[in-house]
Amino acid sequence: MPSTSKLETMNMEDTIRAFGGAMEMVNLPWRLEGLLRRHGSMLPKGAENEIPLIQQDIREIIFIHLYQPQLLEGHAMTVRCWMTEVRELAYDMEDCIDLYEHAAAVGSNTTPRRRNITRRRWSMTRSKKIHWISEKLKQRLWMANKIREFSLRTQEALQRHKMMCECDNRGGIATARGDDAPSSSSGSGHHPTPCTEYGHVGIDAAMKKIEEWLTDREEKLKVISIVGVAGVGKTTLANEIYRKLGRQFDCRAFVRCSQKPDMRRLLIGVLSQIRPHQPPHSWKVHNLISTIRTHLQHKRYLIIIDDLWATSTLDIIKYALPDGNNCSRILATTEIEDLALQSCGYDSKYIFKMKPLDENDSRNLFLSTVFGSSSKCPPELTKVSYDIARKCAGVPLAIVTIGRHLASQHEKQEHLDYINKSLGYSLMTSPTLDGMKHLLNLIYNNLPHHLKACMLYLSMYQEDYIIWKEDLVKQWMAEGFICAAGGFDKETNSGAYFDELVDRNIIQPMHINDNGEVLSCVVHSVVLNFITYKSIGENFMIVIDHSQATTRHADKVRRLSIQFGNVEDATPPNNMRLSQVQTLAFFGVSKCMPYIMEFQLLKVLVLHLWGDEDSISFDLARISDLFRLRYLQVTSNVTLKLQTHMQGLQYLETLKIDGKIVAVPSDIVHLPRLLHLNLPAMTNLPNGIVHMTSLRTLGFFDLSCNSMENMRSLGELTNLRDLQLAYSTAHSDNLKNNMQCLGSILGELSNLEFLTLSPADSSHANTLHVASATSMRISADGLSSVSSPPPLLQRIELSPCFCIFSKLPKWIGQLDFLRILKIGVREVASTDVDVLGGLLALTVLSLYVHEKPAERIVFNGVGFSVLKYFKFRCSFSWLKFEVGAMPNLRKLKLRFDVHGPDQHDTIPVGMEHLSGLEEIFAKAGVADDLCRKFAESTLDNVIKMHPRRPSVNKRYVDWTFHDNNVGIREEEHRTLQEQQNIINEGSTEKSAVVQNEPSEGAHKSVRKRKRKDTYSNKQLRWLQSAASSEHSQDKQISTITSTHSEAVDAQEELLRLRQYMDAEEDPEKYRSEKERKEPARMTRMLKKLEELDDGFSWRKYGQKDILGAKHPRCYYRCTHRNSKGCMATRHVQRTDDDPSLFNVVYLREHTCGDNQAGPFLGQGERGNRQSQRPRKIRGQSDLSIRVRNDNAHEGTHSMDLIRLRREVWTKFDDYLTQRTGDRIF
């Protein structure tokens, strides 16, 4: 047995790594020492002698873990029982110390003060003092019993270990790893990134085949299935298809299912991707279905459903997807062949069966994973590598998992031999769950100690759940798995553990930022099943769902995950002791949640609450009684009520609330250990945040509603590292003042590393060039006055489309550690390029220039040496890349407009000089087909000239940037035809121009057109002659499809000119027709969301804000307006009092025959409608309509024609003035 001095000199880092995150045992010697120091005089007699002996025993147990791990890693039942005994001992001692210190703190606060009192006052307080003394005596007696108990348990644990060692020396216990098992290490070997090329070995043929099915010309909705065994690479293939083809669709979503899917969360996942940053108005399943269906109407979409287990799941999702003729596609992956066949409508033509990799691909994948490439494998390791690859039976999940584990080891020869010997042939004989279970168990036993607890902790989450890195690492820290070691703090080490799990393929990356950092992950179903099995076996985490609430579990449950989903009649577990639970995760309906005070010793509390239709709010007032709580995260769709006072949470380190809250407790500013505070936007913090000096993360701090006092107090929070700012009202004096103040206090935040600013209104987030977003734009010039910026800033994201600088701030050039910069400026100069190029650490740059550059922006071979990602947005992408520019650039994203086929300056030049370029994403706004062909041919030429032939993702949208930066989208070149129909409806009809891409919402700009309806008789003759003499100009102007208001006016005036030309032969008859014209029939209705689908096909053409109303009004017209001349329209607006109700106004009857019972037709009117021909101006020939339609399809945007139109009408007005003395226009 080692000497006591050697035990006492063990450093914290070694002990933590030895115990693999069992910080309770590691911290116990220091906790016991602190207990003696603070409460020695109040402890029972003899405690000062007994506690040091207990400390010595605990140090010996830690030493056994540190220096004799080979015995403790076996599978023998005796060893596992001993490990469980030691772990429970650590938990019980930790609980005892916390309970005693809490009781002592509460007792000291209620102790009667020693002071001179009168006899009368003594009689009033005598009973209270006696009660307090009796409580103290009870605490001393209880503590004395606990000290004796722990002393005996530690001695028994050491005695049992001694007996195991003696038995092992006689050969009585066999270890799992054996004598030749190498020690596990986390070496500096090859660490693969999540998205390396070898992850896609053997799927090229599958990619090509499925890509053909997804991009063919078939207009009907098509379902494609990928079927194969678990781990064969279905998800990898689906991910690669989604990454490559997703942007070719108007809307796209990738969702994961499970064997027990939560349909509500699944539908929310779809909605959040097709309509990002805009939460649903209702969380009911049928309302989510209706919302998804409405949003996807008339859009081309791609929906990928991964790991499908039941046809009912697909049926519900398909019910939410409109079956239009827009070439939409659904791609599903499954392990069940019958399910794949049913998904495709029993058409086996669109089923792709994935098979295991052949021997050659298996070898290439394994060698690439372990050594980086096949050519880097040493010759002496080739044979053993081939043997391991063959034993993996061609299953990519097994190959990559084993390969990632070996890639992290120093001594690869030793580990390769051990893995080859231990792996056996289980995967070849059983390539399903049993084979993978054996492989994963081998990996788990050889994991470093510090990763085992982190891996088992993943069992807390559901199978298809997206786990965010920032949440998981904070939970690990609250559990005590991580400590500051190796010169790094807890957060840095915790993030490193997460990255190591990614490198080992235990978790799979989900969201990756532009800098290549993994932000979230998922756990493969096979891996999660093993982790859950292992976690329950070691009593680390107990996972139950609604069908297991009555199942018998361990006597003492330390961590509990309740996964009820959307089941509304689930009952909380009632057959287990909950008082020892220190971690609780609840996923389900709020009314099914167990009583929170049953969990007295909670350290981590994660609540994902769904409110049913009767739920308005959820009361969390008693949470402040959980005195040990360190981490609190609540996500809910209902309003949360917090207790007005939260000072009882003295150990709280992280508070994260995603949902509405009634009010922020006033004493939250006095929580001494609060490090991370995340509250929803539009939250007003109480005054006094100057006291939150320990705070490292603050989000969101709303600049629009927080007081100036709080704004100034931000400068006192010098420990802040991550500051997330938001604003809810763009045009407010408070915002302007706070922006100015931010510029003055930013330099005081000396430790700040991350700074973000975004609009609080989620409906505007990530939306570019839309009129409604223009109102959310603010000037960021207040930040230009920063004299001394925070020197440690690494990331600045200031929402480039909303937060706009007049020019690039000078202080940007002083940030030596800046890695990510996303900024918007009105104009950019050549000196700004030099400033940005001088940022030596810059790897990600997103630059949004709102005005046309005065000169070409040139990037030469100087600067940007480590830049990997460059995103540039401007109407005129006037860029030039010279030889040697951006040598390490991997991804280039461009957003620009092509105004004409001869304007070569709108497309960047010199992209072939970007030597490291791998991917190009180009999104071009084109005016017509000629511009599209020009942009496409130019980009194709760039690819041909580039030596590396980078992959290109091109997308063309009919957008035009204007001086006011409002983007206009012309849907499928049908603007002219729609404008003609609008004119024919009457002078009070409204003209709408779509202003956004389908995936970003349908924001509209609606303009009223008011024109004179009659001309004087003496003017009609001149109109006819003027029109005849300018017949050629008439034809040219009629082809104008311009989004400028002047061009639309020209269309209206031209049509009126022809109208009166035809009416000049018989003006009396024409006027009588006008008089006999019936007014538009109007009907008002009040409907629920699910009732908005009235059986007709509607197309949204406009949206505008109504003065005094909370919600905008949306305008719809019948989709058969152009084809069948149906003039029916409707207006829809959400009511202010009840957001679930809508005011619906119908104008005109449907004449398209699309529905047999429209909103205007009674029972007796059904079947009496007759289809009508498309409405046409009297006297207008079919030839003229055809000519106009053809020209509209060409969509010419010629400013010369607009000037020609102006000249024609100016001459006409001048001539008429001379002849009649008055003007028409």
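# Exercises on a predicted protein model

**Exercise 1. What does helix H10 look like, and what surrounds its buried residues?**

Step 1. Helix H10 covers residues 263-274, twelve residues in all, and spans 17 Å from its first C-alpha to its last, close to the 16 Å expected at 1.5 Å a residue. The expected span is 1.5 Å times one less than the number of residues. Helices (H or I, at least four residues) and strands (E, at least two) are DSSP runs, numbered from the N terminus.

Before going on, a word on the model: it is predicted, local features need pLDDT of at least 70, side-chain atom pairs count only at pLDDT 80 or more, and totals for chains, interfaces and linings use all residues. Residues are numbered from 1 along each chain as its sequence is written, and side-chain values use heavy atoms, with hydrogens and water left out.

Step 2. Now look at the cover: ten of the twelve residues of H10 are buried. Buried means under 20% relative accessible area, exposed over 50%, partly exposed in between (1.4 Å probe, protein chains only). Among the buried ones are Met 263, Leu 267 and Ile 274.

Step 3. Find the partners: the buried residues of H10 pack against strands E2 (251-256), E3 (301-308) and E12 (604-610), and against helices H11 (285-296) and H12 (311-319). Contact means heavy atoms within 4.5 Å.

**Exercise 2. Which strands stand at the edges of the sheet that holds E36 and E37?**

Step 1. Write down the order: this open sheet of five strands runs E36-E40-E39-E38-E37, with antiparallel pairing. Two strands pair if DSSP finds at least two bridges between them.

Step 2. Strand E36 (1082-1088) and strand E37 (1098-1104) are at the edges; each has a single partner strand, so one side of each is left without a neighbour in the sheet.

Step 3. Zoom in on one pair: E36 and strand E40 (residues 1141-1147) are joined in the antiparallel sense over seven bridges. Here Met 1082 stands opposite Leu 1147 in E40.

**Exercise 3. Where does His 946 lie, and which residues does His 946 touch?**

Step 1. His 946 sits in the loop between helix H28 (929-945) and strand E31 (951-957). His 946 counts as buried because its relative accessibility is 1%.

Step 2. Not counting residues up to four places away in sequence, His 946 touches Met 911, Glu 912, Leu 914, Ser 915 and Leu 917. The side chain of His 946 also reaches the backbone nitrogen of Arg 948 at 3.1 Å.

**Exercise 4. Is Ile 562 buried or exposed?**

Step 1. Locate Ile 562 in strand E10 (residues 559-563).

Step 2. With 0% relative accessibility, Ile 562 counts as buried. Residues touching Ile 562 include Ile 544, Phe 586 and Pro 594.

**Exercise 5. Over which residues does pLDDT stay under 50?**

Step 1. pLDDT is the predictor's confidence in each residue, from 0 to 100. The protein averages 75, and 72% of the residues score at least 70.

Step 2. Residues 1-22 stay under 50, and so do residues 110-124. Where pLDDT is low, the predicted coordinates should not be read in detail.

Note on methods. Polar contact = N/O pair within 3.5 Å; in protein donor to acceptor, adjacent residues only side chain to side chain.
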